[in-house]
Amino acid sequence: MRKKWIPYLLLIPSIVFITVFVILPLFYTVYLSFFKWNMIKEKKFVGLDNYINLFTNNIFYMIIIQTLMYILLLILFNTVVTYIFAFIVDYFVKKQKKIYQTALFLPSVISLVVGSMIFLWILNPVTGPIAKILGLFGLTMPNWAITDGWVIFVISLIVAWKVFGYNFLVLYSSIIGIPREIIEAAKIDNIPPSKIFLNIVLPMSSATGFYILILTIVQGLQYVFTPISVITKGGPNYKSSNLIYHAYHEGFTLYNTGTSAAVSTITMIIFFLLLIIQFMFVERRVAYEN
């Protein structure tokens, strides 16, 4: 009987931690979304007014679309491109693979604030090195920080640079775990690398790829917060903002705590729906060993 209770006793610290720092704040956030409060005066119950105000505001719809754009770009950079790079290093690079692995992983250990400042200098449309190189050919670099579309692309690129190394190593480890005789047999049959990747490597490492896909969606937008905060502050006119930054902006800049809580609740629902869609349509195609 004592042995039966030991696992449950060992779980108590984790249960307490998750309850205090995850579950209770989650329910309290939903609770605050029905109130008007600036963290100074007393809370005023307003029912669904915070949600109604959000869904009758065109800016909020724009922010939702931008959030989905961030997700799509992060999936492209940190799942698709990372998968291809991991395959290239494994398949084509024959010597000094450690150098490529180290070089690609190095940005992961650099602060995202530092990385944002580096990209801000490199992509400066006037004095940045890329702008000067383009100037040699008579070209000008767009002022991406105030240009629709470009600002989202650049911020996603900064986050991709930060996250790329970790995702690369995880996917690379999965690819090198594929039995070599299968790939060697495909080479002997003169099967092109593109088909080896699509028909052998991708299915046999799909479980890891699915994990990276989920990780990119769940954690990607958390990383996006830093370059937005450092570079654009959500501007111009909310054109670089997303749901997570908008919740912070409403709560800690404008002190609209109820609106911030409503944005956070809607964000949680959207993420939950995205995860359901993934498990319904993507997870079915995942091949698990044994």
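User: Hi! Leaving aside neighbours within four places in sequence, which residues is Gln101 in contact with?
Analyst: Gln101 is in contact with Phe168, Leu169 and Tyr172 once those neighbours are left aside. Contact here means heavy atoms within 4.5 Å. Before going on, note that this is a predicted model, where local features need pLDDT of at least 70 and side-chain atom pairs count only at pLDDT 80 or more, while totals for chains, interfaces and linings use all residues. Residues are numbered from 1 along each chain as its sequence is written, and side-chain values use heavy atoms, with hydrogens and water left out.

User: Thanks! Which side chain makes a polar contact with the side chain of Gln101?
Analyst: That partner is Tyr172, at 3.3 Å. A polar contact is a pair of N or O atoms within 3.5 Å; within protein, one must be able to donate a hydrogen and the other to accept it, and residues adjacent in sequence count only if both atoms are side-chain atoms.

User: And which helix does Gln101 lie in?
Analyst: Gln101 belongs to helix 4, residues 97-105. Helices (H or I, at least four residues) and strands (E, at least two) are DSSP runs, numbered from the N terminus.

User: Does Gln101 count as buried or exposed, and why?
Analyst: Gln101 counts as buried because its relative accessibility is 14%. The cut-offs are under 20% relative accessible area for buried, over 50% for exposed, and partly exposed in between (1.4 Å probe, protein chains only).

User: What separates the C-alpha atoms of Lys94 and Arg2?
Analyst: A distance of 55 Å separates them, and the two residues are 92 residues apart along the chain.

User: What is phi of Gln96 near?
Analyst: Phi of Gln96 is near 55°, a positive value in a residue other than glycine. Most residues other than glycine have a negative phi. Gln96 sits in the loop between helix 3 and helix 4, and Gln96 is exposed, at 54% relative accessible area.
Analyst: Asn190 is another non-glycine residue with a positive phi, about 60°. Asn190 is in the loop between helix 8 (180-188) and helix 9 (193-204), and counts as exposed because its relative accessibility is 67%.

User: New topic! How many residues has the largest nonpolar core?
Analyst: The largest nonpolar core has 21 residues, and Tyr70, Ile155, Leu221, Val224 and Ile228 have the most contacts inside it. A nonpolar core is a set of buried Ala, Val, Leu, Ile, Met, Phe, Trp, Tyr and Cys residues joined through side-chain atoms within 4.5 Å.

User: Which helices each supply at least two residues of this core?
Analyst: Helix 3, helix 7 (150-176) and helix 10 (206-232) each do that. Helix 10 gives the most, with seven residues. There is also a second, separate core of 18 residues, which includes Tyr91, Phe164, Leu171 and Ile200.

User: Within how many Å do the axes of helix 3 and helix 10 come, and at roughly what angle do they cross?
Analyst: The two axes come within 9 Å and cross at roughly 130°. That angle makes helix 3 oblique to helix 10. Axes are lines fitted to C-alpha atoms, for helices over the stretch in contact, and angles run from 0 to 180 degrees between N-to-C directions. Under 35 degrees counts as roughly parallel, over 145 as roughly antiparallel, 65 to 115 as roughly perpendicular, and the rest as oblique. Residues making the contact include Tyr70 and Leu74 of helix 3, and Gly220 and Val224 of helix 10.

User: Last one: how many helices and strands has the protein chain?
Analyst: The protein chain has 12 helices and two strands. Of its 290 residues, 38% count as buried.
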